[in-house]
Amino acid sequence: MKQTFYKYQGTGNDFVLFDNRDGRYNKLADGSRESEETVRRLCDRRFGVGGDGLMLLSKHPDYDFEMIYFNADGRPSSMCGNGGRCLVKFAADMGLVQTDYRFLAADGPHEASIELDGLVALKMQDVTQIQHEGNDFVLDTGSPHFVHLTTDVMHKDMVRIGREIRNSPAYVKEGINVNFVEQTNQDDEIIVRTYERGVEDETLSCGTGVTAAALVCAHNENGFNRVEVRTKGGHLAVEYDKNGNHYTEIWLIGPAQRVFEGTIEMDV
């Protein structure tokens with residue numbers, strides 16, 4: 001049976017989306033081997049639509065909608081920042097037009113808004129702990145992230161190095177996203193490259209990774225902060241309040257765009 005899908009991207013992080021508010025795609029989220037294989041096929045860039053992940057826009061009695069997210073490997077995943085921003089834009093395009101949004105994701109409730117300039121701002125969960133791993137850092141911004149500060153980041157072999165860290169004994173079981181971060185000569189600007197678990201490759205951008213990198217690079221002792229972030233896929237910004245090691249009011253801000261829609265043969 002032909003089903004309508006939508007393709008969105010946020011700074012090159014791309015996703016296959018389905019409007020599941022009537023529950024017609026609930027089978028995709030049932031955790032079965034068949035549903036995992038279907039998601040994997042849809043995200044395949046040669047035999048399917050192609051994407052870093054797949055999302056369902058679903059109803060929820062207590063929120064504007066629920067975000068159900070799958071990695072490209074077909075498995076349910078933790079929070080995806082760029083995915084959340086794309087889903088907010090998708091909800092608006094599907095007729096759910098309002099000033100502010102409240103939705104439920106794998107890591108809990110989120111707030112979001114579409115700014116006057118069209119950028120989508122997504123509020124992330126508070127972060128209360130940044131763990132030191134030697135000269136590196138590990139933190140959870142809705143998904144677990146390993147952050148390594150470096151120079152000349154654009155010339156690093158991210159796939160090889162990221163895969164080694166992600167599959168190292170400490171992280172192989174649960175997996176971890178690996179971020180290499182360069183602080184530029186410009187104040188409050190960083191460059192971030194990310195190897196994502198579940199995609200098992202470098203992505204052009206990662207919202208939770210960008211957020212993790214920005215918090216690690218926070219240099220003001222207290223007060224309001226904003227970090228400009230360059231990724232391979234475009235520009236994002238992270239705003240936050242910092243009080244000691246406690247980060248609140250964390251907002252990920254950037255573009256989210258509809259690429260195309262189409263139909264594909266899929267049993268539901």
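**Notebook: charges, a helix and a few contacts**

I started with Glu115, which sits in the loop between β6 (108-114) and β7 (120-123). Helices (H or I, at least four residues) and strands (E, at least two) are DSSP runs here, numbered from the N terminus. I'm working on a predicted model, where local features need pLDDT of at least 70, side-chain atom pairs count only at pLDDT 80 or more, and totals for chains, interfaces and linings use all residues. Residues are numbered from 1 along each chain as its sequence is written, and side-chain values use heavy atoms, with hydrogens and water left out.

My cut-offs: buried is under 20% relative accessible area, exposed is over 50%, and partly exposed is in between (1.4 Å probe, protein chains only). Glu115 gathers with Asp100, Glu111 and Asp117 in a patch of negative charge on the surface. For such a patch, residues need over 30% relative accessible area and no salt bridge, and like charges are joined within 9 Å. Asp and Glu count as negative, with the charge placed at CG of Asp or CD of Glu.

**Salt bridges.** Side chains of opposite charge can pair when their charged atoms come close. I counted a salt bridge when a side-chain nitrogen of Lys or Arg lies within 4 Å of a carboxyl oxygen of Asp or Glu. That rule gave me 19 salt bridges.

I looked up Lys7 and Asp14, whose closest N and O atoms are 3.3 Å apart. Lys7 is buried at 8%, and Asp14 is buried at 9%.

Next came Glu249 with Lys123, closest N and O atoms 3.1 Å apart. This pair links distant parts of the chain, with Glu249 in strand β16 (residues 246-254) and Lys123 in strand β7, 126 residues apart. Glu249 is partly exposed at 38%, while Lys123 is buried at 17%.

**Helices.** Which residues of α4 are buried? I listed Gly207, Thr208, Gly209, Val210, Thr211, Ala212, Ala213, Ala214, Leu215 and Val216. Since 10 of the 10 residues of α4 (residues 207-216) are buried, the helix is largely enclosed by the rest of the structure.

Thr38 is in helix α1 (residues 33-43), and counts as buried at 17% relative accessibility. Its side chain reaches the backbone oxygen of Glu34 at 2.9 Å.

Key
Patches are made of residues with over 30% relative accessible area and no salt bridge: like charges are joined within 9 Å, nonpolar side chains (Val, Leu, Ile, Met, Phe, Trp, Tyr) within 5 Å. Accessible areas come from the Shrake-Rupley method with a 1.4 Å probe; for residues, only the protein chains shown count as cover. A polar contact is a pair of N or O atoms within 3.5 Å; within protein, one must be able to donate a hydrogen and the other to accept it, and residues adjacent in sequence count only if both atoms are side-chain atoms.
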